[in-house]
Amino acid sequence: MPEPNRPVLANRSMLGWLALIAIVIGAGAAAFAYTAGWFSPQRLTPTRLVEALTPAAGPSLGHRRNHAKGICFTGEFEANGAGAELSKAQVFASGRYPVLGRFNLATPDANAPDAKVRVHGLGIRIATPDGQEWRSAMIDPPVFAVSTPQGFYELQLASKSKDANAMKTFIAAHPEFAPFGAWAKTAPWTDSYAEDRFNSLNSFVFVNKAGAAHVVRWSLLPAAQPVAISPDDLARRGPDYLEQEIAQRVAGAPQHWTMVVTIANPGDPTADPTRAWPQDRRTVEVGTLVVQKIEAERDGPCRDINFDPTVLPSGIRTSDDPFPAARSAAYMKSYDLRTAEAKDYPRTIAGAKP
Amino acid sequence: MTGVRKRFTPLQRLLHWLIAVCILAMLFIGVGMVSTVTPKFLSLVTIHKSLGIAILVLALIRLAVRLRYGAPALPADLPEPMKLAAILSHYALYALMIGMPLIGWAMLSAAAYPVVVFGGVHLPAILPQSASLHSWLWDAHFYLAFAFFALVLMHVAAALYHALIRRDGVFEAMASVSIHDEVVPAE
């Protein structure tokens, strides 16, 4: 094989070229590290958000990092067809679609007593025959506590701070917290998940067949009449009363919620879940959630489902509300952590002692 | 054999540079998306999934083309350890190009996430739902991404070493824009 005529490099110019290669590689590595956030310790990452939710005693291993205490259900969503005007998603076409869901308490502690947790939640996954899914995670306050993910992060730090004035300082810095704060203080507690109204709080965009887009929020309105209970009375019924109660109630009869979609007017605060929309906004009842069967989370079908609110069918998309993206990022982090800890939350082994 | 190519075929060069751009974008999008909670997160994840499937398809085509047309021989005077490093690193690059998208797809499947790419194409799950598989695949996807980036950096360093210091034609075999397939007579 002919030897190519290769110029012989002087040692000095070779060192120069080696230095150039080192610079190229170093710059590549630095750009990568910068993108990964290694030079930006202030950046709010999913990891930091999830760490802020972790109680001082450590996380409930194998459980969701927030809304850690919960119970699975299955049922149906009965669409009445009225939502098809707003969204082309099959879930709004008249029909019945299977639902997998989870009632939960907004706490990072899987063993928290019911009476210690102010906010109740509900996650659902509705599957349609076209292979699409709609996942949503709702809570029972009428407005959210903070208007940005950064605010949520600061709220977590304040609420677990040892500084007695931390919450005062937080509330002073976050006037948008007031409506939620007032609800938490004054709204009656309920004695059953079946009596809770669950709200999306975040806004999303519905797109219909003609391509028309509407910004909406939705709620699940309970068919059961709410019965108020004081936290003290709830505590006396036992730490896990809500789970026992809903299991018993659903075993007796399926429980129903009406899904109501509220449509924003132009100029409504679609990006800020601390701000309710005016009462006169148009609403459409799109169907009924029917909860038919309760199953304990440990072996239940909702256990390994991430109720990521950005898993949406075609016909629903995210809006300018910054929360669904942040929730998706944090829920995924939580999911990655808890699936790696499955051994700390073992399923019931058949034949083993309970 | 009647002749030995000095360069990769134009199709191979095209695929190489196309995939190179995709992989670099993919690695940066990957580390970027897992470190943000801003609305960018959703767009980055969406691109990451679609681009991953695109890389998988391109890499499989590239593998077929490589098996069909082979590669120019390395310079005869290249020291043996460098030859070995070149051969092994290329096996690793091919394994990662094809393996990483598959691991990502399998990971999403094991987590029961719908896998939607290119704005509405639903891909089937390639694994049953499983927390332990998800956890294992997530670790693999995460750590192999860093290994992949390290390998890409080594690949660039080696390419520049061939181009600037050894000046032995290895870089030009892939970097040339000429579409004339130069064939030199063998022996």
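**Two chains, one predicted model**

Me: What makes up the secondary structure of chain B?
Reply: Chain B comes to 5 helices and 4 strands. Both names rest on DSSP runs, numbered from the N terminus: a helix is a run of H or I with at least four residues, and a strand is a run of E with at least two. From the N terminus on, the order in chain B is β-α-α-α-β-β-α-α-β. Chain A has 8 helices and 12 strands.

Me: How should I read the names and values here?
Reply: Residues are numbered from 1 along each chain as its sequence is written, and chains are lettered from A, ligands numbered from 1, in the order in which they are written. This is a predicted model, where local features need pLDDT of at least 70 and side-chain atom pairs count only at pLDDT 80 or more, while totals for chains, interfaces and linings use all residues.

Me: What makes B:Met97 a buried residue?
Reply: A residue is buried if 20 or more other C-beta atoms, placed from the backbone, lie within 10 Å of its own, exposed if 12 or fewer, and partly exposed in between. B:Met97 has 21 other C-beta atoms within 10 Å, so it is buried.

Me: Which residues does B:Met97 touch?
Reply: Two residues are in contact if their C-beta atoms, again placed from the backbone, lie within 7 Å. Leaving out residues up to four places away in sequence, B:Met97 touches B:Ile19, B:Ile23, B:Ile55 and B:Ala59. B:Ile55 is 42 residues from B:Met97 along the chain, and their C-alpha atoms are separated by 7.0 Å.

Me: What is meant by the largest nonpolar core?
Reply: A nonpolar core is a set of buried Ala, Val, Leu, Ile, Met, Phe, Trp, Tyr and Cys residues joined through C-beta atoms within 7 Å. The largest has 93 residues, and B:Val37 and B:Met107 have the most contacts inside it. Helix 3 of chain B (residues 80-110) gives the most to this core, with 9 residues. B:Val37 touches residues of chain A, including A:Pro46, A:Leu49 and A:Ala329.

Me: How many residues does each chain give to the contact?
Reply: Chain A gives 43 residues and chain B gives 35 residues. Helix 1 (11-35), helix 2 (46-53) and helix 8 (323-339) of chain A each give two or more residues to the side that touches chain B. Helix 1 of chain A has the largest share of that side, 10 residues.

Me: Why do the buried residues of helix 2 of chain A line one face?
Reply: These buried residues are A:Pro46, A:Leu49, A:Val50, A:Ala52 and A:Leu53. Down the axis of helix 2 of chain A, they fall within an arc of 155 degrees, so they line one face of the helix. The arc is that of the directions from the helix axis to the C-beta atoms. Helix 3 (149-159) and helix 8 of chain A are among the elements that cover them.

Me: What makes the phi of A:His67 worth a look?
Reply: Most residues other than glycine have a negative phi. For A:His67, phi is positive, near 55 degrees. A:His67 lies in the loop between helix 2 and strand 1 (69-79) of chain A, and it is buried because 27 other C-beta atoms are within 10 Å. A:Leu201 also has a positive phi, of about 60 degrees, although it is not a glycine. With 24 C-beta neighbours inside 10 Å, A:Leu201 counts as buried.
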